[in-house]
Amino acid sequence: MTIEINSRIAGHPINPLFLERWSPRAYAGADISEAELFGILEAARWAPSAYNAQPWHFIYARRGTEHWDKLFGILNAFNQSWAKDASALIFVLSKTSLLPPGASEEVPSYTHSFDTGAAWGALALQAAYSGWQAHGMAGLDYDRARTDLGVPSDYRVEAAVAIGRIGDKAQLPEGLREREVPSPRKSLSEISSEGHFERS
C-alpha cells in the first residue's frame, strides 16, 4: 500500500501529516500570535531525550516585535531573501553537557544534537498540523548568533527555523520559484540495512 499527497508517495502506511509537512520558502507574511507559536514550541518540549535531559533551548521572535531584526540579521543573505516574509524565527540551541541521574557533576552529552533534532522534528510536525510550515536553516552567522543572542559556552547553536503560512511562490527570487515544491525522499533501501551497514 502506498500513500500519495501532493506528489509525495510513502511506500508504507504512515500518518499523512508526514507527507503534508515540507519546507517552503514562500511565506505569506501572516502574523502569528504568541499562543500559536507557543503551541508549536510545546510540541517540541515533549520530545524524547537521553536521561530526559531535554538539552534544547529555543530563542524566538515574531515578525513585527522588538527582537525580530536582531534574529533576522543573523541569517545569511540567501535566507534573508525569503525568510523576510516568515511569521516567526526560532534559533535552536542544544546543551552540550548533562547531569546524569545520581551524579553530582555534569558530563559531556554525546546525544545533545540528536535529542535536539527530535525536538525540532516535533516542532516541524506540530507547525504543519496547526496550519503553518517550518523551514530549518543552517545558513547563518554562528559566531554572531552566539554573541548577539547571549548563548552560553555550554550550548551549541544548531540551526534557525522560519515559520509561516504558505504564500505565493511568485514572490520568491526567480531561481527559487521552480524549487518551491515538496521535496522527495530517498528510498527506504537507501537509508536502512539489516544487521550491518550496507551502501545501496
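## A first look

Glu36 and Arg165 form a salt bridge, with their closest N and O atoms 3.6 Å apart (a salt bridge is a side-chain nitrogen of Lys or Arg within 4 Å of a carboxyl oxygen of Asp or Glu). Glu36 sits in helix H2 (residues 34-45) and Arg165 in the loop between strand E8 (155-164) and helix H7 (174-177), so this pair ties together parts that are 129 residues apart in sequence. Please keep in mind that this is a predicted model, in which local features need pLDDT of at least 70, side-chain atom pairs count only at pLDDT 80 or more, and totals for chains, interfaces and linings use all residues. Residues are numbered from 1 along each chain as its sequence is written, and side-chain values use heavy atoms, leaving out hydrogens and water.

**Salt bridges**

- The structure holds 7 salt bridges.
- Glu36 is partly exposed at 31% relative accessibility (buried means under 20% relative accessible area, exposed over 50%, partly exposed in between, with a 1.4 Å probe and protein chains only).
- Arg165 is partly exposed too, with a relative accessible area of 29%.
- Lys84 and Asp85 meet through their side chains in a salt bridge of 3.0 Å, N to O, and Lys84 is partly exposed at 36%.
- Another salt bridge joins Glu106 and Lys95, whose closest N and O atoms are 2.7 Å apart.
- Glu106 lies in the loop between strand E5 (97-98) and strand E6 (107-108), while Lys95 is in strand E4 (residues 88-95), so the pair ties together parts that are 11 residues apart in sequence.
- Lys95 is buried, with a relative accessible area of 15%, whereas Glu106 is partly exposed at 43%.
- Lys95, Glu106 and Asp154 belong to one network, joined by salt bridges that share partners.

**Overall build**

- The protein chain has 8 helices and 8 strands (DSSP runs numbered from the N terminus: helices are H or I with at least four residues, strands are E with at least two).
- Its C-alpha trace spans about 55 × 50 × 30 Å along the principal axes.
- Of the 200 residues in the protein chain, 40% are buried.
- Among contacts between residues at least 6 apart in sequence, 68% join residues at least 24 apart (contact means heavy atoms within 4.5 Å).
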